[in-house]
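Dear colleague,

Please find below the structure that I am handing over to you.

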Amino acid sequence: DSSIASVLIQAFTIVDCSFNTDCTSCIDSDSPCGWCLYDSICVPEVYTCYMGEWIEPTENADRCPRVDSLLPTSSLIPARQRTSITLLGSNLPPAIAVYAYCCILKINNETIMVEGIWSNISETSSQIDCVISDETLQ
């Protein structure tokens, strides 16, 4: 009979990468998700990351950006004294004209942003310095 219709069945896989909120969990997940370096989000392979910088799902999570140490280790900053806050990290993307680092300080329920100066230490290590002074706190 020529009135019989053909049926096409297609299975689709829905990929939700948003539940991975950090690079390591994103890359280590079983889903085809990668990490956008400048967007700091986990996305499916079809997503276009800002500046095209992303860590593919097949790569090692050791490529993920991470904080190795923060100096000073105390959260107390002396008043009326110039203080430098230094963050040492691995695989941190370089600061560029449209993407910069900053330190966000919460002092007496007031939020203050201080420009961070990014510098390269080695191929995978970098440092971000923020200088806090009396001018910064006014």
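If the bonded cysteines of the protein chain are numbered in sequence order, they pair as 1-4, 2-8, 3-6, 5-7 and 9-10. Cys102 takes part in no disulfide; the nearest cysteine sulfur, which belongs to Cys103, lies 7.0 Å away. Please bear in mind that this is a predicted model.

Cys17 and Cys33 are joined by a disulfide, with their sulfur atoms 2.0 Å apart. The torsion about this S-S bond is about -85°, and the disulfide of Cys17 and Cys33 is therefore left-handed. Cys17 is found in the segment before helix 1 (23-28), whereas Cys33 belongs to strand 1 (residues 33-36), so the bond ties together parts that are 16 residues apart in sequence. Cys17 and Cys33 are both buried.

The pair Cys23 and Cys64

A disulfide also connects Cys23 with Cys64, the S to S distance being 2.0 Å. The link of Cys23 and Cys64 is left-handed, with -70° about the S-S bond. This pair links distant parts of the chain, 41 residues apart: Cys23 is in helix 1, and Cys64 is in the loop between strand 3 (54-55) and strand 4 (66-71). Cys23 has a relative accessible area of 5% and is therefore buried. Cys64 likewise counts as buried, because its relative accessibility is 2%.

The pair Cys103 and Cys130

The sulfur atoms of Cys103 and Cys130 are 2.0 Å apart and form a disulfide. Here the link is right-handed, with 90° about the S-S bond of Cys103 and Cys130.

How exposed is Cys102, in terms of relative accessibility? Cys102 has a relative accessibility of 35% and therefore counts as partly exposed, a class that lies between buried, under 20%, and exposed, over 50%. As noted above, Cys102 is in no disulfide.

With kind regards

Note on methods. Residues numbered from 1 in each chain as written. Predicted model: local features only at pLDDT ≥ 70, side-chain atom pairs only at ≥ 80, totals over all residues. Heavy atoms only, no water. Disulfide = S-S within 2.5 Å. Helix = DSSP H or I, 4+ residues; strand = E, 2+ residues; numbered from the N terminus. Buried < 20%, exposed > 50% of the residue type's maximum accessible area, 1.4 Å probe, protein only.
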